[in-house]
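Colleague: I would like to go through this model step by step. Please show it first.

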2 protein chains.
Amino acid sequence: MARKTKTRAAQTRSAILDAAEREMQARGVSGASFERIAQRASVTRGAIYWHFADKDALLTAMVERTYLPLRDLQYSLRNELPHQEAPAILRAMLLHGLERLASDAHHRRVCHILTHGYENTDPDHPVAVLMRNAFEESRVVVHDLCQQAADADQLQPQVTVDNACDLVMAFMCGVYSCSLRYNELFTVQRDWRPMVATLLSGLFVAGEE
Amino acid sequence: MARKTKTRAAQTRSAILDAAEREMQARGVSGASFERIAQRASVTRGAIYWHFADKDALLTAMVERTYLPLRDLQYSLRNELPHQEAPAILRAMLLHGLERLASDAHHRRVCHILTHGYENTDPDHPVAVLMRNAFEESRVVVHDLCQQAADADQLQPQVTVDNACDLVMAFMCGVYSCSLRYNELFTVQRDWRPMVATLLSGLFVAGEE
DNA sequence: CATGTTACATACATACATGTATGTATGCAA
DNA sequence: TTGCATACATACATGTATGTATGTAACATG
């Protein structure tokens, strides 16, 4: 074979990313060899090295492919619901995140790899930096919303902004962790509204639902 | 060198486990080689292969060394507080788990390895089975307590036993995940009582604290 | 005190995964 | 149509982890 057109090359790149997703989900990041990824994508290792410098670059591209859309949505959601009160916005954000995890197979696969198939050892690793930034940014958004609720006297008594924020973060991280690992015991394909309502009822005074 | 006494051999075994803990925390399970573990323990790879068949056996021994005490405590806690009401027992259990994670460095290291330094790919892997059993057993305990609360009419309206149980499980898993990964952003060394109280106030009607 | 077993150390054989160097056929531009 | 850059495939060189086989010195036992 030889050179294909640019669109064809993009297809190859995409096929490699798809194959890497499945292979890394099956064997973990360190266990997924370029050889098997190449076989899955029906190319050779040469093709992978042409598109990606090494495994780190491949992983980074994988994460960015599914992750960037999420960031957009975080902000657009705040812009689309500007007149809602903070608790309602927070509720919509949580439900949207859970809904995406339940319905977007690509996103679920990448999240599964990052949470249970990736040995996060070096905090300066590009992928670790991506994940940390995502966590920090989400935390800032949640914290802002909790602060807005506090300013509007919508927090339950005894509840601080920091505690409300951390409780929400822990809940979301926990749902990701549990459902991605034990989806039969802790399925993500469910109606999350009751549980989110219960969680938020411990935090905010205004009525939900 | 040569053969030491039995107690001396036990010391060697323990030193290997300690070294493996630190090496795996630093480089991940798959990145930790027997060579570096041996160097850290001031022995050779031969010593490791004498005590453990392979890396799986080493990891399993590491997990069992810190994990078995936890199981004991789950049950002893229920026996020591038999006259308390279910929400109070649940509260004590959560706080005890969080306190242990904050104060027991060995336990924290092993949990860190399992949650962020271990590629959990094969569900039949002995370590994966250990983790799954721990999750299921914890879930059963939490579920029972929620059921007891429901039988005593202590659940908030609209809250089901299953949702209460899963919310608690997600919270705990989330705290483990967040604090083990980002302890500066989400520290585990804090007074957890307010946050646990907030969480449980969304679930149960009786007064806490 | 002679011997078998224990608790390791040493040496080697094997298997992969990685990275790179090189080959090559095709699309495209001049 | 030539020529160059692209998009791969192929081949090789290297490093590194694993497992096993063997050596060996001390301990325990009779």
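Modeller: A residue is buried if 20 or more other C-beta atoms, placed from the backbone, lie within 10 Å of its own, exposed if 12 or fewer, and partly exposed in between. This is a predicted model, in which local features need pLDDT of at least 70 and side-chain atom pairs count only at pLDDT 80 or more, while totals for chains, interfaces and linings use all residues. Residues are numbered from 1 along each chain as its sequence is written, and chains are lettered from A and ligands numbered from 1 in the order in which they are written.

Colleague: What percentage of the residues of chain A count as buried?

Modeller: Chain A has 209 residues. By the cut-off of 20 or more C-beta atoms within 10 Å, the buried share is 38%.

Colleague: Which element gives the most to the side of chain A that touches chain B?

Modeller: Two residues are in contact if their C-beta atoms lie within 7 Å, and 41 residues of chain A are in contact with 41 residues of chain B. Helices are DSSP runs (H or I, at least four residues), numbered from the N terminus; α1, α7, α8 and α9 of chain A each give two or more residues to this side. With 13 residues, the element that gives the most is α8(A).

Colleague: Are α1(A) and α6(A) parallel or oblique to each other?

Modeller: Axes are lines fitted to C-alpha atoms over the stretch in contact, with angles from 0 to 180 degrees between N-to-C directions. The two axes come within 9 Å and cross at roughly 45°. Angles under 35 degrees count as roughly parallel, over 145 as roughly antiparallel, 65 to 115 as roughly perpendicular and the rest as oblique. Therefore α1(A) and α6(A) are oblique.
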